[in-house]
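Colleague: I would like a close look at one part of this model. Please go through it step by step.

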Amino acid sequence: MSPVIEADGLGIAFKRNRRRNRRLRDLASGRAERAKRARRNQFWALRDVSFTVSEGEAVGLVGGNGQGKSTLLKLIAGVLLPDEGRLRVRGGVAPLIEVTGGFVGDLTARDNIWLTAGLHGLSKPEIAARFDEIVDFAEVGDFLDTPFRHFSSGMKVRLGFAVITTLDEPVVLVDEVLAVGDRAFREKCYKRMGDLLSGGRTLFLVSHNENDLRRFCTRGLYLRAGSLVTDGPVEDALERYREDTGRRRGPKSTE
Amino acid sequence: MAVHVEATPRLGALWGNRRILRLLVSRDLKVKYSDSLLGYVWSILEPLMMAGVYWFVFTQLMDRQLGEAPYIVFLLAAMLPWQWANAVLRASMKALSKDAKLVRSTNLPREIWILRTVGSKFAEFVFALPVLALFALINRAELTKFVVFFPLAVLLQGVLLTGAGLILAPLATLYSDVERLMRIVLRLLFYFSPIIYGVSDVQSRLGGTVADLYVLNPLAGIFDLYRTAFFADEWAGWGAVGIAAGVSVTMLVVGIFTFRRLEGTVLKEI
């Protein structure tokens with residue numbers, strides 16, 4: 001199997017303080033000096049993460065909040081750029097990484113579908129051919145001309161999922177979406193994701209629901225504090241995650 | 001180490017995404033013109049009012065000593081391109097933050113958000129040209145042979161604005177001072193560009209070194225090129241145009257590298 005995603009020593013650092021305290025002086029100063037000043041004030045959301053994903057694999061990302069799962073998805077989606085290491089993604093990525101799929105609040109659902117699908121590379125005839133199916137799947141037929149910001153959170157997620165999973169990209173990233181929809185919609189999502197997988201797509205799934213992860217993923221990546229702790233069968237990753245949380249939360253530890 | 005992206009694949013990726021660029025530009029125009037009944041009027045009102053005020057002051061209140069007659073045509077021939085430049089420089093500072101949601105959720109070559117700004121404002125410039133034509137007809141200003149340089153002027157200005165936009169967009173996202181600073185710079189630039197007067201006025205009144213320094217402003221050569229389409233005497237020679245071309249291309253190269261260098265940081269911030 002040819003690798004679709006190759007990550008080698010991936011790392012990305014963020015500033016610790018929210019204030020944008022960059023100064024024009026920083027631009028002029030030398031590389032070494034700038035690096036020194038920056039080091040004091042940053043944390044690595046991900047560091048030294050290496051893995052390879054083959055075509056058609058379904059990978060689950062496991063880990064607590066703020067351990068780097070979403071950041072990794074954003075790097076794979078190409079909407080963040082690594083500060084260290086190398087990342088190669090062959091073929092396009094259909095990212096459902098912000099729950100709302102990057103839709104614009106002021107535009108209607110109809111305009112959002114056209115815009116988002118267009119920005120992800122679908123041509124007009126392709127969008128036209130898939131439009132009804134998207135609307136059906138998202139169950140937003142009565143609200144096509146309603147501005148997106150008036151949508152309920154469930155509707156937003158449904159529309160996002162419907163559009164992104166309609167794209168032809170070989171890699172699909174799904175971040176914490178299944179938790180938001182109701183039971184009926186979740187079933188539809190399961191079916192759609194099953195279809196994507198049997199169609200040979202590569203899937204990245206972030207979820208706190210172990211059953212969802214087991215259901216779709218064969219492989220698990222467990223991230224803790226920005227490091228890749230476990231890369232193996234999804235059960236192993238979950239097991240390791242459980243151990244870690246159990247150790248931290250358990251009332252009486254034997255250690 | 002830092003991730004290096006070569007220039008050529010980036011240009012290729014931009015070319016490959018030209019359909020998306022067209023989609024973004026036509027979206028902008030649709031919002032501008034069809035969602036508001038007075039859309040078109042709004043877009044030409046500002047340059048028209050500005051030109052009207054200067055026309056009134058310089059030809060009605062005072063005896064005009066600058067530029068040429070018909071002065072309103074002389075004004076508009078540079079005022080409309082100025083409007084394009086002004087609009088791009090202002091909008092490019094918000095090009096990445098205004099549509100942050102889209103920028104954050106699509107893996108397009110991010111230069112596209114600046115090209116989209118240049119393109120949308122260019123379309124508005126083109127749509128405003130009939131106003132210039134109308135005033136030219138009314139005042140019987142005739143086109144000269146220099147009108148063939150119009151595409152060259154557009155090209156130079158497009159290159160210049162793209163370069164400036166690529167520099168301003170990431171800087172304004174990272175440093176809030178940039179926007180305030182640019183407000184002043186733009187005001188100064190208006191008066192230091194040949195809009196209410198011509199390059200020939202600078203040459204004949206100040207001459208020598210000052211005139212040589214003056215054409216270092218690339219807008220001087222570019223606006224002069226537009227204006228010669230009606231006023232052949234305004235032709236300041238290839239020197240000014242050559243300088244404008246040199247500055248524009250330099251601006252684009254600096255812009256490409258600045259943008260690439262700051263892209264990763266900007267993506268973390270928006």
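At what angle do helix 7 and helix 8 (residues 177–191) of chain B pack, and how far apart are their axes?

Modeller: First, the ground rules. This is a predicted model: local features need pLDDT of at least 70, side-chain atom pairs count only at pLDDT 80 or more, and totals for chains, interfaces and linings use all residues. Residues are numbered from 1 along each chain as its sequence is written, while chains are lettered from A and ligands numbered from 1 in the order in which they are written.

Now your helix pair. Helix 7 and helix 8 of chain B pack at an angle of about 130°, and their axes are 7 Å apart. Helices (H or I, at least four residues) and strands (E, at least two) are DSSP runs, numbered from the N terminus. Axes are lines fitted to C-alpha atoms, for helices over the stretch in contact, with angles from 0 to 180 degrees between N-to-C directions. The angle makes helix 7 of chain B oblique to helix 8 of chain B. Under 35 degrees is roughly parallel, over 145 roughly antiparallel, 65 to 115 roughly perpendicular, and the rest oblique.

Who meets whom? Helix 7 of chain B brings Leu168(B), Leu171(B) and Ala172(B). Helix 8 of chain B brings Val178(B), Glu179(B) and Met182(B). Being in contact means that C-beta atoms, placed from the backbone, lie within 7 Å. The residues of this contact divide into five nonpolar, no polar and one charged. Here Ala, Val, Leu, Ile, Met, Phe, Trp, Tyr, Cys and Pro are nonpolar, Asp, Glu, Lys and Arg are charged, and the others, Gly among them, are polar.

How far can you trust this region? The mean pLDDT of chain B is 88, and 96% of its residues reach 70 or more. pLDDT is the predictor's confidence in each residue, from 0 to 100. Within chain B, confidence is highest in helix 7, at a mean of 96. It is lowest in helix 1 (residues 7–16) of chain B, at 72. Treat residues 1–6 of chain B separately: their pLDDT stays under 50, and the model has six contacts beyond four places in sequence for them.

Helix 7 of chain B has another neighbour to follow. The buried residues of helix 11 (residues 218–227) of chain B pack against helix 7 (150–174) of chain B. They also pack against helix 4 (71–92), helix 9 (199–205), helix 10 (208–214) and helix 12 (238–269) of chain B. Helix 11 of chain B is mostly covered: 10 of its 10 residues are buried. Buried means 20 or more other C-beta atoms within 10 Å of a residue's own, exposed means 12 or fewer, and partly exposed is in between, with C-beta atoms placed from the backbone. The buried residues include Leu219(B), Ile222(B) and Phe223(B). Asp224(B) and Arg227(B) are among them too.

Pro70(B) lies in the loop between helix 3 (39–61) and helix 4 of chain B. The peptide bond from Ala69(B) to Pro70(B) is cis, with omega near -5°.

Next, the partner chain. The predictor gives the complex an ipTM of 0.81 and a pTM of 0.87. The contact between the chains takes 24 residues from chain A and 19 residues from chain B. On the side of chain A that touches chain B, strand 4 (84–89), strand 5 (93–96) and helix 4 (109–119) of chain A each give two or more residues. Helix 4 of chain A gives the largest share, three residues. The residues on this side of chain A divide into 13 nonpolar, five polar and six charged.

One has three strands in the order 2-1-4, paired antiparallel. Strands pair if DSSP finds at least two bridges between them. Strand 2 and strand 4 of chain A stand at the edges with a single partner strand each, so one side of each is left without a neighbour in the sheet. The twist averages 20° from one strand to the next. The other sheet has six strands in the order 5-6-7-3-8-9 of chain A, with mixed pairing. Its edges are strand 5 and strand 9 of chain A.

Technical notes
Contact = placed C-beta atoms within 7 Å.
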